[in-house]
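Have a look at the structure first, and then we can go through charge pairs, helix packing and a few individual residues.

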Amino acid sequence: MTTHTVRLILGDQLNVRHSWFRQKEQGVLYVMMELKQETDYVVHHRQKVLAFFSAMRAFANALDSAGHRVHYIKLDDSDNQQSLTQNLEYIIAQNKGAVLECQQSDEYRLDHQLRSWAGARNIKLNWYDTEHFLTTRDSLKEYFPDNKNYLMETFYRKVRQQYDILMENGRPVGGRWNYDKENQKKIPANQGVEPPLVFSNDVSDIDNLLQKCHIQTMGKASRNQLIWPVNRQQSKRLLEHFCQFGLPNFGRYQDTMATADTLKEAHWSLYHSRLSFSLNTKMLHPLEVVKAAVNTWSENQESISIAQIEGFCRQIIGWREFVRGIYWAHMPDYKNLNALDHNKPLPHFYWTGDTKMNCLHHSIEQSLEYAYAHHIQRLMITGNFALLAGVSPDALDDWYLGIYIDAIEWVEMPNTRGMSQYADNGLIATKPYIASANYMQKMGHYCKECYYDPKKKSGDKACPFNSLYWHFIERHKEPFKDNHRMRMMYQVWGKKTNEEQQALLKQAEIYLDNINEL
């Protein structure tokens with residue numbers, strides 16, 4: 001059969017509702033690839049690789065069953081060049097005269113790779129939208145035409161108005177745009193939490209493949225019980241489960257941190273949706289997710305408050321779309337930003353969870369176990385510690401990009417380099433997200449069984465977060481002393497006696513010099 005069009009589908013473009021698939025065209029060949037180029041650019045969690053390959057294979061099978069022609073290249077195929085562009089070049093040579101069509105890549109590195117290759121080879125490449133996001137790559141120019149003071153809240157309101165989400169007569173439902181202050185609660189000890197919905201996907205064949213091809217990974221994985229959704233049907237089931245069991249308490253406890261011994265049931269996902277993998281691979285559409293949640297709230301307003309649904313919608317249509325806009329507005333320079341000139345290596349315990357700091361132990365151990373941690377574990381535990389310790393944003397970027405199942409560069413990098421590490425000099429965040437042990441105690445239960453004393457600032461068993469916090473305040477005094485959101489902390493620091501300051505700084509230096517022993 002003559003092929004007149006070759007269409008590339010990347011591993012995060014599993015959108016079965018894309019307009020490409022509305023008609024079956026005999027001359028169209030869909031191409032999907034498993035590549036060492038993608039498994040090896042950072043060390044990924046094993047569950048992440050298993051989930052991507054499993055979801056890709058399920059998508060290819062679904063296309064084939066629907067009557068589309070699919071050429072799927074497996075990792076160990078003899079003709080696999082392990083390079084996206086080299087494989088494309090071979091396929092085009094086999095189908096002379098065929099037009100190459102691609103959906104826009106969400107990652108700059110792949111977008112650049114494809115465009116550079118096509119330009120160098122003088123290959124005509126037709127581009128299509130992924131038909132997934134609610135805003136364009138250039139959304140920041142559209143929403144902030146006159147300045148670069150990007151405010152996520154402003155962005156979120158514009159998107160919400162544009163799509164008429166939680167709006168009534170041009171005003172926000174409930175009279176307010178944001179209910180964040182009503183959330184941020186610490187979950188009570190012994191509160192029962194519905195166990196997370198998990199799946200039992202047999203990925204033993206892919207696991208064998210990774211061993212055969214010597215793919216280096218991290219973390220734990222079961223060969224016959226991959227818990228993550230790998231097709232649209234499972235993704236929709238997970239969405240339904242969240243709407244029923246997670247949404248009623250989502251906002252209230254979205255920032256809380258808990259351990260198994262403080263709750264009656266499974267604690268690792270709490271009330272979070274865990275839909276990010278399905279969203280970021282495009283098995284689910286963001287508007288589909290938001291509408292399902294809003295409908296659930298509309299039908300159950302006596303048991304689900306406006307604060308719960310507003311907080312969830314803000315994450316999907318606000319923050320997720322906003323960081324994508326930041327990414328495309330500032331790449332490739334964004335990848336190299338390091339405003340605070342941090343350059344220390346990532347502590348060894350980020351790879352093992354072997355630390356006496358209970359909050360880091362639990363957050364990292366959970367990440368290695370499930371390839372997942374919720375946003376506060378990422379921002380205020382692992383990210384906060386790395387920022388206080390002066391870890392290189394490059395090192396932390398690679399770790400976050402590898403360890404989490406939902407981590408794709410467009411969403412991971414602005415959250416890590418910008419929100420978490422302030423390496424972009426405040427482009428996203430108005431202040432560094434740093435905190436001492438007081439925050440850990442306020443928002444969770446990690447401190448209860450910790451080796452370190454959260455109340456102690458210096459001396460034996462003093463919580464490292466306390467002295468490292470003030471060490472950060474002192475060493476970055478010049479850029480932040482006049483920041484209106486940090487002025488009070490510098491006033492507190494200035495009121496401490498010289499002896500108190502020196503004791504804190506000395507304690508921090510001891511911890512920094514022995515960071516792998518903490």
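Predicted model: local features only at pLDDT ≥ 70, side-chain atom pairs only at ≥ 80, totals over all residues.

Residues are numbered from 1 along each chain as its sequence is written, and side-chain values use heavy atoms, with hydrogens and water left out.

**Salt bridges**

- The side chains of Asp406 and Arg378 form a salt bridge, with 3.1 Å from N to O; the term stands for a side-chain nitrogen of Lys or Arg within 4 Å of a carboxyl oxygen of Asp or Glu.
- This pair connects distant parts of the chain, 28 residues apart: Asp406 sits in the loop between helix 14 (393-403) and helix 15 (409-420), and Arg378 sits in helix 13 (residues 375-389). Helices (H or I, at least four residues) and strands (E, at least two) are DSSP runs, numbered from the N terminus.
- Arg417 and Asp397 also meet through their side chains in a salt bridge, at 2.8 Å from N to O. Arg417 belongs to helix 15 and Asp397 to helix 14, so this pair ties together parts that are 20 residues apart in sequence.
- Buried or exposed: which describes Arg417 and Asp397? Both of them are buried.
- Asp180 and Arg314 form another salt bridge, and their closest N and O atoms are 3.8 Å apart. Here the link spans 134 residues, from Asp180 in the loop between strand 8 (171-172) and helix 7 to Arg314 in helix 11 (residues 306-330).
- Asp180 counts as partly exposed because its relative accessibility is 23%, whereas Arg314, with a relative accessible area of 10%, is buried.
- Arg7, Glu25 and Glu101 are joined in a network of salt bridges.
- How many salt bridges does a search of the whole structure find? The search finds 24.

**Helix packing**

- Two packed helices are described by the angle between their axes and the distance between the axes.
- Helix 2 (residues 46-65) and helix 7 (residues 204-212) have axes that come within 10 Å and cross at roughly 120°. Axes are lines fitted to C-alpha atoms, for helices over the stretch in contact, and angles run from 0 to 180 degrees between N-to-C directions.
- That angle makes helix 2 oblique to helix 7, given that angles under 35 degrees count as roughly parallel, over 145 as roughly antiparallel, 65 to 115 as roughly perpendicular and the rest as oblique.
- Helix 2 passes helix 7 in a right-handed crossing; a crossing is right-handed if the near helix is turned clockwise from the far one by less than a right angle, and left-handed if anticlockwise.
- On the helix 2 side, the contact (heavy atoms within 4.5 Å) is made by Arg46, Val49, Leu50, Phe53, Ser54 and Arg57, and on the helix 7 side by Asp205, Ile206, Asp207, Leu209, Leu210 and Gln211.
- Six of the residues in this contact of helix 2 with helix 7 are nonpolar, two polar and four charged. In this grouping, Ala, Val, Leu, Ile, Met, Phe, Trp, Tyr, Cys and Pro count as nonpolar, Asp, Glu, Lys and Arg as charged, and the others, Gly among them, as polar.
- Helix 3 and helix 4 (residues 108-121) bring their axes within 10 Å and cross at roughly 45°, and they are therefore oblique to each other. Their crossing is right-handed.
- Leu84, Thr85, Leu88, Glu89 and Ile92 of helix 3 make this contact with Leu110, Gln113, Leu114, Trp117 and Arg121 of helix 4. By class, the contact of helix 3 with helix 4 has six nonpolar, two polar and two charged residues.

**Individual residues**

- Phe155 is part of helix 6 (residues 152-162) and is buried, with a relative accessible area of 0%.
- Although Phe155 and Trp319 are 164 residues apart along the chain, their C-alpha atoms are separated by 8.8 Å.
- Not counting residues up to four places away in sequence, Phe155 touches several residues, including Thr135, Tyr143, Phe144, Ile317 and Phe322.
- Gln234, in helix 8 (residues 232-246), is buried at a relative accessible area of 11%. Leaving out residues up to four places away in sequence, Gln234 touches Phe199, Asn201, Trp228 and Pro229.
- Ser83 lies in the loop between strand 4 (69-73) and helix 3 (84-94), and at 11% relative accessibility Ser83 counts as buried.

Note on methods. Buried < 20%, exposed > 50% of the residue type's maximum accessible area, 1.4 Å probe, protein only.
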